[in-house]
Amino acid sequence: MRVALTGARGIVGSFAHRALLAAGHAVTVLDRDSGWRLGLPALLRGQDALVHCAFAHAPGRYRGGEGDDPQGFVAANLDGSRRLFDDAARAGVGRVLFLSSRAVHDGHPAGLLPDDLPARPTSLYGEVKARAEEHLTGLPLTGCAIRATGIYGPGPAMKWTALFRDHLAQRPVAPRIGTELHAEDLAAALILLLDHPRPPATVNASDIALDRRVLLGMVNEVLDRDLPLPDAADAEALRVLDCAFLRHAGWRPRGLDGLRREIPRLLDAATNL
């Protein structure tokens, strides 16, 4: 399949790029090197699919990623995504996968959230993602928005560098629990959705509910140390994504045991131990 990919240098896009190539797809990267950025026309004629991972935001921030320029944030990410999706429809692209976010669910109460839950964002970031999803559903093509949770992994996806260093230095670590997914597992979900005959308009992508106490306990195990751990976090307010569609389609993320096996590589990325 001929696949156009945006955001190939980003945290998710870089993993998606490798996964697409490994699956045998012919990938056309849309980025600044090719003369494209969000908001510019995209030359998509001849492409079978588009995978849209690009997102313009303040470094390291998604919610709050607008910084001090909310209008520019909306223009780049919402208007730019709408234009990209329209270009795909005009070019006859048959399928569009859009990297959305769990942030579209932030206004829902705690509990298990199904794939087709209507968006209820509480941040500008979530609103932009939700409105881009809505635009995609109105186009004459097969569109699927992947509502992904927090992403971890080696390289640019290594989100716990400061946390690991604080733990090793025995600095206080605040309790926290959240949902997480390895970047390679998200890339695998993208490949599955690209090949699926009837992907839905929205799907959730998440794997584990991870408490910092559990994560840092794994670090202690790997290093054979007994460093102090934070208290267990309160999980009562946790919103957990139900990934029924992907799991029914055969998607199997690595789970807590897979994370445990990954800890040495993540530690190396964070500390060069």
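The expected span of a helix is 1.5 Å times one less than its number of residues. Helices (H or I, at least four residues) and strands (E, at least two) are DSSP runs, numbered from the N terminus. This is a predicted model, in which local features need pLDDT of at least 70, side-chain atom pairs count only at pLDDT 80 or more, and totals for chains, interfaces and linings use all residues. Residues are numbered from 1 along each chain as its sequence is written, and side-chain values use heavy atoms, with hydrogens and water left out.

**Stop 1: helix H5**

Select residues 183-195, helix H5. At 1.5 Å a residue, its 13 residues should span 18 Å, and the end C-alpha atoms are 19 Å apart, which agrees. Of the 13 residues, 10 are buried (under 20% relative accessible area; exposed is over 50%, partly exposed in between; 1.4 Å probe, protein chains only). Among the buried ones are Asp185, Leu186, Leu190 and Leu193.

**Stop 2: the largest nonpolar core**

A nonpolar core is a set of buried Ala, Val, Leu, Ile, Met, Phe, Trp, Tyr and Cys residues joined through side-chain atoms within 4.5 Å. Select Val51, Leu97, Ile146 and Leu186, the residues with the most contacts inside the largest core, which has 36 residues. Elements giving two or more residues to this core include strand E4 (95-101), strand E6 (142-148) and helix H5. H5 supplies the largest share, nine residues.

Now centre on Ile146. Leaving aside neighbours within four places in sequence, Ile146 is in contact (heavy atoms within 4.5 Å) with residues including Leu97, Leu186, Leu190 and Val203. In soluble globular proteins, nonpolar side chains tend to be buried together.

**Stop 3: helices H4 and H6**

Show H4 (residues 161-168) and H6 (residues 212-223), whose axes come within 11 Å and cross at roughly 60°. Axes are lines fitted to C-alpha atoms, for helices over the stretch in contact, and angles run from 0 to 180 degrees between N-to-C directions. On the H4 side, Leu163, Phe164, His167 and Leu168 meet residues of H6, among them Leu215, Leu216 and Val219.

**Stop 4**

Arg102 is in the loop between E4 and strand E5 (111-113). Arg102 counts as buried because its relative accessibility is 19%.

Gln170, in the loop between H4 and strand E8 (177-182), has a positive phi of about 60° although it is not a glycine.

Asp224 lies in the loop between H6 and strand E11 (239-241). Its phi is also positive, near 55°. At 72% relative accessibility, Asp224 counts as exposed.
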